[in-house]
Amino acid sequence: MGPAAGPVTARYLVYFQYLGTDFNGVAAVRGCQRAVGVQNYLEAALSPQEAAKRLNSVVPVKFTISSRTDAGVHALCNAAHLDVQRRSGQAPFSPEVLAEALNAHLKHPAIRIVQAFRVPGDFHARHAATSRTYLYRLVTGCHRPDQLSVFERNRCWALRAGCLDVDAMQEAAQHLLGTHDFSAFQSAGSPATGAVRTLRRASVSPDPGSPFVLAQENRLQFWNLEFESRSFLYRQVRRMTSVLVAVGLGALMPAQVKVILESRDPLGRHQARVAPAHGLFLKSVLYGSLAGGNPASVQQEGKETSGWPKNLQLETSSPKTGGLE
């Protein structure tokens with residue numbers, strides 16, 4: 001009779017989303033009763049007490065977050081990996097059971113597990129990410145706070161200006177594309193050892209309109225800014241957004257954005273300004289070559305797609321499917 005099998009440890013990749021209004025960022029806050037991060041709630045859902053009821057994990061479960069977001073920043077799709085160790089003789093849980101258990105025990109209505117997948121034991125949610133996309137939402141024509149729908153508050157940056165020079169903003173954004181030292185757009189407190197990043201995409205486009213705005217309120221115009229890179233510096237997206245808005249308002253010329261970038265000075269008059277956190281959304285985190293886009297995004301949920309990263313060997317029976325801000 002052979003030796004008894006030891007505990008089985010399974011690693012999972014979990015996609016989750018949240019409204020950041022009530023949280024002190026996504027990372028767990030330790031030893032503080034008033035401030036709390038999204039991670040605190042995720043790990044509480046698999047605390048020894050809760051896990052004993054549903055997952056029987058031998059060791060405490062810890063989430064390793066892919067992309068850290070600041071207080072007030074939202075996520076349509078963030079990602080994390082975690083290990084669940086079961087007792088000897090017990091098979092690993094399916095991704096569906098894990099996702100169901102997490103959602104069942106989450107204690108905050110503003111957090112939701114979207115999908116879960118089995119991944120190899122050496123997979124790392126932060127280091128393995130090959131693309132992160134952030135969305136920043138603006139609205140113009142909002143002269144007073146009470147002119148914005150209650151459903152849009154804390155979900156966009158409301159500007160009093162009636163319009164933006166979008167052509168100038170798009171021209172300015174071109175200066176940010178490519179590989180540069182983005183020190184001018186980095187806030188103090190960044191753990192990054194270097195400031196060189198490659199910005200693959202920076203776009204400014206009109207939003208067809210919010211479904212939460214009444215027809216008679218057509219003076220409001222919504223705008224989307226999107227930025228894609230493998231990773232970002234601390235508050236880089238919000239600082240770039242602030243500079244592009246300054247261009248749109250006529251306070252800066254597009255060519256001045258290149259001067260700001262090349263200055264590498266984070267304390268300059270314009271680049272030191274940081275766009276409000278509540279307009280920012282982490283839109284997607286991608287791994288490997290995903291021809292079908294982000295499988296866990298709201299738009300892709302439940303749809304068939306063929307672009308899974310083959311090197312991850314994801315295990316799921318669901319429909320197929322670095323950053324600091």
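R197 is buried, with a relative accessible area of 16%; buried means under 20% relative accessible area, exposed over 50% and partly exposed in between (1.4 Å probe, protein chains only). The model is predicted: local features need pLDDT of at least 70 and side-chain atom pairs count only at pLDDT 80 or more, while totals for chains, interfaces and linings use all residues. Residues are numbered from 1 along each chain as its sequence is written, and side-chain values use heavy atoms, with hydrogens and water left out. Of the 325 residues of the protein, 52% count as buried.

**Overall**

- The secondary structure comprises six helices and 12 strands; helices (H or I, at least four residues) and strands (E, at least two) are DSSP runs, numbered from the N terminus.
- Accessible areas come from the Shrake-Rupley method with a 1.4 Å probe, and for residues only the protein chains shown count as cover.

**Surroundings of R197**

- R197 sits in strand β9.
- Leaving aside residues up to four places away in sequence, R197 touches G178, T179, H180, F182, A192, S231, F232, L233 and Q236; contact means heavy atoms within 4.5 Å.
- L177 is 20 residues from R197 along the chain, and their C-alpha atoms are separated by 9.8 Å.

**Aromatic pairs**

- The structure holds eight aromatic pairs. The rings of F182 and F185 have centres 6.4 Å apart and planes at 55 degrees, so this pair is tilted.
- Rings of Phe, Tyr and Trp (its six-membered ring) pair if their centres lie within 6.5 Å; planes under 30 degrees apart count as stacked, over 60 as edge-to-face and the rest as tilted.
- F182 and F185 are both buried, and F182 is also one of the residues that R197 touches.

**Salt bridges**

- There are 10 salt bridges, each defined as a side-chain nitrogen of Lys or Arg within 4 Å of a carboxyl oxygen of Asp or Glu.
- R200, R201, E226, E228 and K283 are linked in a network of salt bridges.
- R201 lies in strand β9 (residues 196-206) and E228 in strand β10 (residues 221-229), so the pair ties together parts that are 27 residues apart in sequence.
- R201 is partly exposed at 30% relative accessibility, whereas E228 is buried at 18%.
- K283 forms a salt bridge with E226, with the closest N and O atoms 2.8 Å apart. Because K283 lies in strand β11 (residues 280-287) and E226 in strand β10, this pair ties together parts that are 57 residues apart in sequence.
- K283 counts as partly exposed at 24% relative accessibility, and E226 as buried at 13%.
- R144 and D146 also meet through their side chains in a salt bridge (3.0 Å, N to O). R144 is partly exposed, with a relative accessible area of 46%.

**Helices**

- In helix α4 (residues 166-174), the buried residues are V166, A168, M169, A172 and A173. They cover an arc of only 155 degrees around the axis, which puts them on the same side of α4; the arc is that of the directions from the helix axis to the C-beta atoms.
- These buried residues of α4 pack against β9, β10, α5 (236-248) and α6 (254-263).
- Helix α3 (residues 95-105) has P95, L98, A99, A101, L102 and H105 as its buried residues. Seen down the axis of α3, they fall within an arc of 165 degrees, so they line one face of the helix.
- An α-helix has 3.6 residues a turn, so residues three or four places apart point the same way.
- N40 belongs to helix α1 (residues 38-44) and is buried, with a relative accessible area of 18%. Not counting residues up to four places away in sequence, N40 touches A27, A28, V29 and R30.

**Nonpolar surface patch**

- V150, F151 and F212 form a nonpolar patch on the surface, and together have about 330 Å² of accessible area.
- Patches are made of residues with over 30% relative accessible area and no salt bridge; like charges are joined within 9 Å and nonpolar side chains (Val, Leu, Ile, Met, Phe, Trp, Tyr) within 5 Å.
- F151 is in the loop between β6 (129-140) and β7 (157-158), and counts as exposed at 52% relative accessibility.
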